[in-house]
Amino acid sequence: MAEEAAKQQDDQSLWRAMFTPGDGWSPGVAFAGHLSAAAPALAEVNGVFYCIHRGARKNPEDGMRSSSSADIPVLWTSFDPAVAQPYLAARDKAATPLPSGASEAEQARWQEQLAAASAALDEVRRWTPDSPVVPGRVDKRKAYSSYEGDRFAEAVESFETPAIIADGDILRMIIVKTVRFGPAISRHLYELEGTRDKKSGEVTWEGVGFVETGSDDTDGLGIGDYAPALAAFNGQIHLLHTTIGKNFTHRVRGQDGRWTAATAADGKPLATPKVNRKRMSRDNRGSGGNANAALAVHDGKLHLVHRLGDGADNTLTHAVFDGTQWADKGTLPAGHLSSRTAGMASYDGKLHAVYPDADPKNSKLRHTWWTEKDGWADAVDLDGHDSDNAPALLAVKNGPACQEREALLMVHRGIDRWEPPKPPAPRPKAKVTDHGETVYGPWLSDEGWGGWSRLWHRTAITPALCEGRKVLILSWEAHAEYYWGFWYYNDHGSYKRPVHVGTVELRLRDSRGAAPDGRAFSFNAGIPDDAGRIRFDTVIDRPKAGTYTLSHRPGIEKTGGYWWTPYGADGHNDTNEHRWCEFTVNTVSKATITLT
């Protein structure tokens, strides 16, 4: 963990990245607008993706102040790829070029419609804003109604990261809820269901009730239940969790909604993985547990990784359930030490695990994987993916029709709060000094077919001085991105066919449409930098007083990029096999300045 972690803001930005064996890990991209106080969880229900996390621990402005330092409101966000399909079709239709000979007025209207279609597409491709989990109905089981803690007046709070799983049409969630008996406090598992209306997209939450763990007291509520983990295995929903001083508790959810103890083939209680009592107690004090368990189904078996077993501090332990009994796989090899635990998912024939390093001087996440034949691989530090919390992993399938592929999606809490980058200053020009305030045109985007790649672009005008005389800096900047895994990533020159942007022609016009110096400015934009960005600046003598507009000629060619493919059209009705990433920039960004 970073030494500065304790000094940082309570709620940090979530980040995401994609992994394939061929490409490795993509650069991290900020999950902008989604702030989290702890680790997230991911699930897919009927093609809709959900991210659950805890946030707003110290944010009283929206009425979501938590009731203690460790009980934090549970937030959710979702994304439904199907919602974007009509907007993609509208954008592709709007991009159809006008017939030759179209008038300037027709061209202008077309460009406006094109920009509006692109803006609408960008909006529906965003995950929904974070919302608190607020049950419309609570306690379907009508159990433990005498306890103060089972009624929710507002956002649900959890002591630890919730566990979530797809259960048919339902998103099932287990939280760790604090229950108060006067001055006494205990913590127990509480179950909720999220159901999405297919027409409106609204998600309704219902409180199901406390999970009857039957541990350590006669009322069925334990002295403390922690570290819940869920998995769908052999046609049932499985729950593992801990109780202080116990082995893991393993339960399955029946058709009647009750959680019952998992049993062996002979009907006797299962022998479950051991929990180190001292470590369990230590890891669940203060600001939530450090020891949430990780469950994943791989090769027909249920795998558990946790850091509550025997061995040195921060050691990760692996156990496997084959449907009848648990088998201890021992601790992970030396070097696999985690300050929390791991995020896990089965992908590409391997069981993948990503975890935060136990070294307080290293905030890089670490990636390893397991197979029955080879065991655990050496961990790899993930440069640019920093977190002090366990990430969430989910295998997803996405991509253009001829290139759809599986990948591993990771969402993790960062170590600082992401802020939008400030606009770059014009590139230094010899003898140009004293830059004034820049006037920007709007960011506009143009997309390839199906919206799998896009180019943002805009113009800018900056007053300045050059050897004492007044000048203007005319600028054009662009940002290339590709879409995959339900978000955008920087498209640059490191792929098979690098992104290339062709000739750009800038034009400065006065209010009458005349060029003050009688010329345009052309340049070959070329290949973006590693961040997918291109910028061009030119300097002209400042014209006389008046209002001036900087624009560019439509028809800029963008080629290459991540989705460039050598595989051909593969039977599609478009003969351009590279149409996912090759397109013409036809929207026009205009910056207007008034000189006095």
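Two strands count as paired if DSSP finds at least two bridges between them. Strands are DSSP runs of E with at least two residues, numbered from the N terminus. The model is predicted, and local features need pLDDT of at least 70, side-chain atom pairs count only at pLDDT 80 or more, while totals for chains, interfaces and linings use all residues. Residues are numbered from 1 along each chain as its sequence is written, and side-chain values use heavy atoms, with hydrogens and water left out.

**Sheets**

β17, β18, β19 and β20 form an open antiparallel sheet in the order β17-β18-β19-β20. The edges are β17 (294-298) and β20 (326-331); each has a single partner strand, so one side of each lacks a neighbour in the sheet. Neighbouring strands here are turned by 20° against each other on average, direction ignored; axes are lines fitted to C-alpha atoms, and angles run from 0 to 180 degrees between N-to-C directions. Within this sheet, H303 stands opposite V320 in β19.

A further open antiparallel sheet has four strands in the order β9-β10-β11-β12. Its edge strands are β9 (163-167) and β12 (203-210), each with a single partner strand, so one side of each is left without a neighbour in the sheet. The twist averages 30° from one strand to the next. The bridge partner of L171 is G194 in β11.

| Strand | Partner | Bridges |
|---|---|---|
| β10 (residues 170-181) | β11 (residues 184-196) | twelve bridges |
| β18 (residues 301-306) | β19 (residues 317-321) | five bridges |

**Aromatic contacts**

Rings of Phe, Tyr and Trp (its six-membered ring) pair if their centres lie within 6.5 Å; planes under 30 degrees apart count as stacked, over 60 as edge-to-face and the rest as tilted. The structure holds 23 aromatic pairs. The ring centres of F19 and Y347 are 6.3 Å apart with planes at 75°, so this pair is edge-to-face. F19 lies in strand β1 (residues 12-20) and Y347 in strand β21 (residues 343-347), 328 residues apart. Buried means under 20% relative accessible area (1.4 Å probe, protein chains only). F19 is buried at 10% relative accessibility, and Y347 is buried at 5%. W370 and W376 form a tilted pair, 6.5 Å centre to centre with 50° between the planes; W370 and W376 are both buried.

One aromatic cluster includes W452, Y483 and W563. R125 lies over the face of Y483, 3.6 Å from the ring centre, where a charge sits over a ring if NZ of Lys or CZ of Arg is within 6 Å of the ring centre and within 35 degrees of the ring normal.

Conventions. Buried means under 20% relative accessible area, exposed over 50%, partly exposed in between (1.4 Å probe, protein chains only).
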